[in-house]
Amino acid sequence: MADELKRGLEGVLVAESDLSYVDGEVGKLVYRGYDIEDLARGASYEEVLYLLWHGSLPTAAELDAFAADLAAEREVDDDVIETVRALADAGERPMAALRTATSMLSAYDPDDDESGDDGEATLRQGRRITAKIPTILAAFERVRQGEEPVAPDPDLSHAGNFLYMLTGTEPDAVSEETFDMALTLHADHGLNASTFTAMVIGSTMADVYSGVTGGIGALSGPLHGGANQDVMEVLHEIDASSKDPVQWVKDTRDGGGRIPGFGHRVYKVKDPRAVILEEKLRDLAESSGDTKWLDYTTAIEEYLTDQGLVEKGIAPNVDFYSGSVYDTLGIPVDMYTPIFAMSRAGGWIAHVAEYQEDNRLIRPRARYTGPEDAEFVPIDER
Ligand SMILES: CC(=O)SCCNC(=O)CCNC(=O)[C@H](O)C(C)(C)COP(=O)(O)OP(=O)(O)OC[C@H]1O[C@@H](n2cnc3c(N)ncnc32)[C@H](O)[C@@H]1OP(=O)(O)O
Ligand SMILES: O=C([O-])CC(=O)C(=O)O
């Protein structure tokens with residue numbers, strides 16, 4: 001038993017957590033016992049952060065104080081903005097720019113906590129990281145567009161302020177509410193690859209900046225958060241080629257390729273977040289009259305359902321519908337994964353803080369399959 005190999009750690013329990021639970025058989029996600037559907041429709045991202053970091057939903061007074069403290073941390077040091085400019089000028093990808101700039105933030109953090117020993121300091125640092133990531137991302141996008149960064153507005157919500165910094169205009173209520181819902185949906189998801197990465201780093205008692213920076217790296221890959229960008233690129237490719245979306249899927253499958261936004265390690269049915277985002281997309285498409293992305297995504301899902309793939313557990317995941325929703329907000333495609341990171345940072349921080357409270361170094365092992373008893377030959381004799 002001890003030597004049983006679990007490739008990709010599938011199904012392996014490595015920790016206890018009160019934070020979130022994913023029931024992959026029925027398609028249910030809860031944060032601290034609250035159903036994601038209720039939170040997405042009824043709670044702001046700030047409330048969800050409070051829930052994850054402090055263990056219960058806030059009262060109105062607690063939320064006001066928490067949101068004000070978070071908003072007060074949005075400003076980013078000029079040196080970081082200069083680095084963001086340099087990265088944008090060098091043509092860096094947004095996820096890589098975010099990874100670099102997030103790591104740099106620690107130089108300006110007033111809490112001189114280099115280890116995760118002090119849980120309170122970890123949460124204070126986490127609050128600063130969470131507040132500053134939107135400022136970094138919006139500045140990066142503005143500079144890339146040849147515009148000056150827009151200073152954060154502490155009177156706006158986390159979601160509203162990001163859209164404001166991105167465009168220079170206060171968002172309308174529908175856009176703010178839509179984006180806030182997307183943030184809530186992406187905030188936490190058990191021990192997904194990026195959260196596990198942050199936890200492994202945290203388990204060495206490294207600081208939370210290291211954990212979040214590592215989490216950003218892990219999230220960027222196409223098997224994880226990077227899939228939301230890939231889905232949108234597919235939809236654009238279909239659109240540009242005037243190809244039938246179903247034909248695109250057939251060609252991709254014939255070529256042995258995977259369909260981005262489908263399949264999941266835990267969900268064997270449609271991801272509940274995809275259900276909520278699809279509904280949101282439907283509402284937005286109906287009210288604007290532009291149903292193109294909805295038509296394409298629906299055609300792909302229907303075809304793969306008819307082909308029996310969905311029944312086999314390769315069903316739409318959160319990344320399948322999020323991009324189409326972001327597109328209605330005018331957000332550029334390569335910002336979709338960074339936006340995921342902006343939300344998930346809250347989950348990474350919660351998991352690092354929770355794990356470090358009762359820490360044990362995470363250190364699995366590999367079955368050794370290399371040669372044995374190799375005879376060493378000095379370099380000048382090889
Ligand atoms: C926020 C998130 O991270 S959600 C996930 C985002 N990622 C994606 O959408 C990328 C596309 N999906 C995938 O690559 C996978 O479904 C993963 C990586 C998410 C999960 O993969 P795993 O649990 O490791 O499953 P694994 O890779 O072993 O695949 C199992 C089988 O399903 C097939 N499969 C899985 N996903 C897909 C897909 N999107 N399209 C076609 N076939 C798929 C595999 O080819 C494999 O088939 P086989 O047994 O005949 O070889
Ligand atoms: O749980 C996973 O493996 C991937 C995922 O959906 C997420 O991180 O939101």
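Predicted model: local features only at pLDDT ≥ 70, side-chain atom pairs only at ≥ 80, totals over all residues.
Residues are numbered from 1 along each chain as its sequence is written, while chains are lettered from A and ligands numbered from 1 in the order in which they are written.

Let me take the two residues in turn. H264 lies in the loop between α12 (245-254) and α13 (272-288), where helices are DSSP runs of H or I with at least four residues, strands are runs of E with at least two, and both are numbered from the N terminus. H264 counts as buried because it has 22 C-beta neighbours inside 10 Å; the cut-off for buried is 20 or more other C-beta atoms within 10 Å, with 12 or fewer for exposed and partly exposed in between, the C-beta atoms being placed from the backbone. Beyond its neighbours within four places in sequence, H264 is in contact with D271 and N317, contact being defined as C-beta atoms, placed from the backbone, within 7 Å.

Turning to the chain as a whole, an automatic or database domain assignment divides it into domain 1 (33-174 + 188-220 + 338-357) and domain 2 (227-328). The C-alpha centres of these domains lie 28 Å apart, and their contact takes 5 residues from domain 1 and 5 residues from domain 2. On the side of domain 1 that touches domain 2, α1 (36-42) and α16 (336-357) are the elements that give two or more residues, and α1 gives the most, with 3 residues.

Which helix does α8 pack against at an angle of about 170 degrees? The partner of α8 (residues 173-186) is α13, with the axes 11 Å apart; axes are lines fitted to C-alpha atoms, for helices over the stretch in contact, and angles run from 0 to 180 degrees between N-to-C directions. That makes α8 roughly antiparallel to α13, on a scale where angles under 35 degrees are roughly parallel, over 145 roughly antiparallel, 65 to 115 roughly perpendicular and the rest oblique. T178, M181 and L185 in α8 meet R273, I276, L277, K280 and L284 in α13.

Finally, consider helix α7 (residues 158-167), which has 9 of its 10 residues buried and so is largely enclosed by the rest of the structure. Its buried residues pack against α2 (45-54), α3 (60-71), α6 (119-144) and α8. Of these partners, α2 and α3 pack at an angle of about 100 degrees, with their axes 10 Å apart, and are therefore roughly perpendicular to each other.

How values were computed: Contact = placed C-beta atoms within 7 Å.
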